[in-house]
Every structure is written in structure tokens, then in C-alpha cells.
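Please keep the sequence and the model in view while reading.

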Amino acid sequence: MFWKSTYNEFIKIAAKPRSYIGLGAITLLIGIVLFALKMDGLTYISFITAPFEQSLSFEGNLLNGNTMAFIILQMLIIHIPLLVALVTGDLVSGEAAMGTIRLLLTKPISRSSVLFSKYLAGCAYTFIIIVWLAVLALGVSKVIFGTGDLMVLNSDGLVILQQTDVLWRFVSGFAVAFLALVTVATLSLTFSCFSENSIGPIVSTMAVIILFTIIGTLDVPIFDRIRPLLFTTHMAAWRSFFEDPLPIKEIVNSLVVLVVHCVVLLAIAVYKFKHKDILS
Amino acid sequence: MKLRKSLFFILLFSLLSSFSFLIQTQSPNTIINGVYKKMMKAKDYSVQATIKVDLPFIRMMPVEAQIYFKQKDKFRVISKGIAIIPRQGFDQLTRMLKDTTSFTAVNSGSEIIGNASTTIISVIPSADTSDLILGKLWIDIKQNIVLKSQLTTKSNGTILTEYTYGTQVEYGLPDNMVFTVDVKKFKIPKSVAADINNSKKADSKADKKKGKIYIKLYNYKVNKGIPDDIFKK
């Protein structure tokens, strides 16, 4: 019954036009970025190499699919939470707004199972978004630009990773990015349990992400203690897979923080959904 | 008989002394010409290279590359991956030495490098517009090879290069080159690098301003002919 309910929830997501906004937006954005980089990518790349160009010369295929994929990920991963929240923020509140939640909860399945079904369907949607992003960013980039070593510009220097050493980093990076987006999905689902309309949870989720990101970016000592606890700080953990040596401790720490956020938020959502008044 | 023997030794000694004096008193331009002529023996060459980079602010694994050179100034590095080489690379020295009228060469003393005795020649450009500010060459005049060079240019700063020779010493082509380059202190805003969550404290290595590039050269193919197409990017 649980899996059937999950399947039904996924069908509901698939039937909503807004679910395709995310996929369409990613396709359009990546298409524009790839076109621009194909036309004038070397100018963009020279921005990365410029600090070293006075005394050093870079040889080889600088404008390659791996570097393009990293640039695209870096650009888009900040905006994708909005596309996820657009769907997952509507999972409970959308039903409440339409009045279908009463009918849904008459099914012979517990309230927690209904919520978990919705949550799993939301995670599946997030997974599809990430896979689509990977296919376009990595697959199409490689077809257009070919393969090559990956250049990563960090705030403290340049890391050049050999092409044979890159695929596993991308796979791990996408996996961590998926977990980060699942955290956003959990947050919006939790907000969704508190709301009777769709806009509230979506806007609240984005407001929290923006607020936490600003706190995380500000180099003010007062935020030093809070910053490691914010999930937005760890949403960029995917980037750690492109460092050399690999900061394993930091990656594990980020994974723990994200998982704890998911568990706590989901527990709040379950509690609220179980006690939700669906009669008024 | 004893007198003849003594006379022979005196004559030999005076000959050797005058030869050594001749070597020591070669003009700087003659020494540079000797080196340049040796370099010119290689009309073209291709060589495999292993490039290892030890620079502050850059982390990368050693890279394999193929290097092509053809007189007078055609030069190309082909690498499957991304290779980093000094801007004043392999052909800078040849280009500098080819016109002895464009600079004034001054003998600046001598120095022992490894087992070889070298003469230090300072090269000062004649024209104010020249990119070169000062060149310093440590030349083994017995073999007409440069063992160390230090070139300071307006555009690329100072690069110190140490050369080790082996199989292709007859062409003046090294087996190993070690470049010491100046690297500007590198710091870009986290937001520009989109590395907003990096809270790591700066690496002590990041304070270094000098870095080294090690290039090992092997499988030389000298004067076998290289088509011009290879030099087209």
C-alpha cells in the first residue's frame, strides 16, 4: 500500500505542469551557457588563468567538457533549490488548498505513510532533476567540447585534475548535491505541512536559503559559531570532491549536517502532519 | 738528455698556460657565439617531456607532453592534458642569442656548477624598447653549453633556469630543465571563485612567491624534419 501510494504521489507530480518548469529551465539555461561558451569560452577561461599568465603559459585543451560541466554546476547549483521547492513545497499544502487532502486521508494508510510517500516521490523528482542536470552538464558538454583535464579555481589557488581522475568526482559531487537538494525538499515539505496554500512554503524555503546563504557568506566573527550549523554552508560540499587532497573530514561533516537536517525537519513534518486539522 | 727533457716540459707548460689564458680571455661575444652555433646544429627537434609543477597556488599531477621546435622560432607543446610551462620557455635563449648586435655582453666572473667551471656572462640589451632587462648566463666554455640562465624581462618577470645535459649535449639540448619562476601573490575573492563556503585558513605554502617547474626531456629526435602543420594551433 505504501509503494502504491508513493507511485500515486509520483504520478501526481508528473501530472502537474509546474514539475516540468524545473526540467525546462535547466535545459534552457544549460543550452544558453553552452552556446555562449562555445562562441567565446576562451575569454571566460582566460579569467581563470589570468592571475598566472604573466609568468606561465597554459597548453592543452583548456576549453573541455569537464571544465564546462564544472562551470555549469557552479552556476546552476545555487538556483536549483528554487526549482525543487516549486514542486516539493506544494506536496501537502497543494492538497490542502484544493481540498483533496480529506479524500487522501480516508485511504486505509496511516498519515505518516502518506507523508513518507509524498516525501519519497519528492526525492524521486529531485533525483530526476539532478540526473537531467548531469546528463546535460557533463554528457552534452563532453559531446560539444570533448574531454580533457579539469581546471578548478578556488579562492586559494588553482587545482588541475587529470581527466582520468574526474568522473568519480563528478558522480560523488552529484550524489552530495542530491543530498543537499533533498534537504531543501525536506524543508519545503515541512513548511508545506504548516500551510494551506502553495506559495507560502515555496517563498519561505527560498527566504530561508537566501538568509542562511547571506549569513554564511558574511565574514563576520559573530556568525562563526552559527555558520557550521547552517545547511546552506554544506550545500556546496559537492565542490569538496574537486579539491586535491580530498578533504574527507569536511565532506563527512557536511554529510552528517545535511542528514541531521533531513531527519529533524522530517520529524517536525510528520508530527505536524499527524496533528493537522483537515476538517476546518 | 736531461736538458732536452727539461726544455720539453717548459715548452709544454708554456703552451698549456697560453691555451688556458686564451680560453679565459675569450671575449664574451665569442663565448656566446660558440654557444649559439652549437644550438644552431639542431635545425629541428621533437622530444617527449614530463612536466612536474611545484608552484604555490597551483596543484596538479605531472603531465606528459610532446615538444616540437623548428628553426628559427617555431615552437609547440602538445599535451593530452593541461600542461603548464614558463612563458620564457625553451626558445627564449635562442631568440635572445641570435642577434649579438642587439646586446652588450659583459664577463661577470666565474662559478663552479657541479663539476663544471662556468664563465658568467651578463647580457644587457642595447635598445630601451627591448623586453629583456638583464640576462645572466653561466656558460661551460669547454662544451659551449649554458648550465644556468637568469632572464629578467619587462613582461614576464625573472626566470632562473638550470640545465642538465646528457644524450644530446652535442646539440646543446638538455635532458633536464628546472625553472624557478616568480609567482605573484594570488588571492581572489571567494565570491569570484564561487567558493563561498571555503573557510580553510590559507596554506603556509601560499605565502611562497617562488615556484619550480621541472621538465624531464627524453626520446629526442634531432634534425629528422618536422612538418610545419604541427606548429599550427
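In what order do the strands of the open sheet of 10 strands in chain B lie? The order is S4-S3-S1-S12-S11-S10-S9-S8-S7-S6, and the pairing is antiparallel. Two strands count as paired if DSSP finds at least two bridges between them. Helices (H or I, at least four residues) and strands (E, at least two) are DSSP runs, numbered from the N terminus.

The model is a predicted one, in which local features need pLDDT of at least 70 and side-chain atom pairs count only at pLDDT 80 or more, whereas totals for chains, interfaces and linings use all residues. Residues are numbered from 1 along each chain as its sequence is written, and chains are lettered from A and ligands numbered from 1 in the order in which they are written.

Chain B holds four helices and 12 strands. Of its 233 residues, 30% are buried; a residue is buried if 20 or more other C-beta atoms lie within 10 Å of its own, exposed if 12 or fewer, and partly exposed in between, with C-beta atoms placed from the backbone. Among the contacts in chain B with a separation of 6 or more, 55% join residues 24 or more positions apart. Two residues are in contact if their C-beta atoms, placed from the backbone, lie within 7 Å.

The sheet of 10 strands in chain B has strand S4 (74-79) and strand S6 (103-113) at its edges, and each of these pairs on one side only. On average, neighbouring strands of this sheet are turned by 20 degrees against each other, direction ignored. Angles here are taken between axes, which are lines fitted to C-alpha atoms, for helices over the stretch in contact, and run from 0 to 180 degrees between N-to-C directions.

Several pairings can be followed strand by strand. Strand S7 (residues 116-125) of chain B is joined to S8(B) by five bridges, and the two run antiparallel. Ser122(B) has Lys136(B) in S8(B) as its bridge partner. Strand S8 (residues 132-140) of chain B pairs in turn with strand S9 (residues 145-153) of chain B, in the antiparallel sense and over eight bridges. Here Leu137(B) stands opposite Ser149(B) in S9(B). The hairpin of S8(B) and S9(B) has four residues between the strands, and Asn144(B) in this hairpin takes a positive phi near 55 degrees.

S9(B) is also joined to strand S10 (residues 157-165) of chain B, by six bridges and in the antiparallel sense. These two strands form a hairpin with three residues between them, and Thr153(B) has Gly157(B) in S10(B) as its bridge partner. Helix H2 (residues 28-40) of chain B lies across S6, S7, S8 and S9 of chain B and runs at about 80 degrees to S6(B).

Which strands make up the open sheet of three strands with mixed pairing? Their order is S2(A)-S3(A)-S2(B), with strand S2 (150-154) of chain A and strand S2 (58-60) of chain B as the edge strands. Neighbouring strands of this sheet are turned by 15 degrees against each other on average, direction ignored. S2(A) pairs with strand S3 (residues 157-161) of chain A in the antiparallel sense over five bridges, and Leu150(A) stands opposite Leu161(A) in S3(A).

Attention now turns to the helices of chain A. The axes of helix H2 (residues 19-49) of chain A and H7(A) come within 10 Å and cross at roughly 20 degrees. H2(A) is therefore roughly parallel to H7(A), where angles under 35 degrees count as roughly parallel, over 145 as roughly antiparallel, 65 to 115 as roughly perpendicular and the rest as oblique. The contact of H2(A) with H7(A) has 12 nonpolar, four polar and one charged residues. In this classification Ala, Val, Leu, Ile, Met, Phe, Trp, Tyr, Cys and Pro count as nonpolar, Asp, Glu, Lys and Arg as charged, and the others, Gly among them, as polar.

Helix H7 (residues 111-145) of chain A also packs with helix H11 (residues 248-274) of chain A, at an angle of about 135 degrees and with their axes 9 Å apart. H7(A) is therefore oblique to H11(A). In this contact, Arg111(A), Ser112(A), Leu115(A) and Tyr119(A) in H7(A) meet Leu266(A), Ala269(A), Val270(A), Phe273(A) and Lys274(A) in H11(A). These residues divide into six nonpolar, one polar and two charged.
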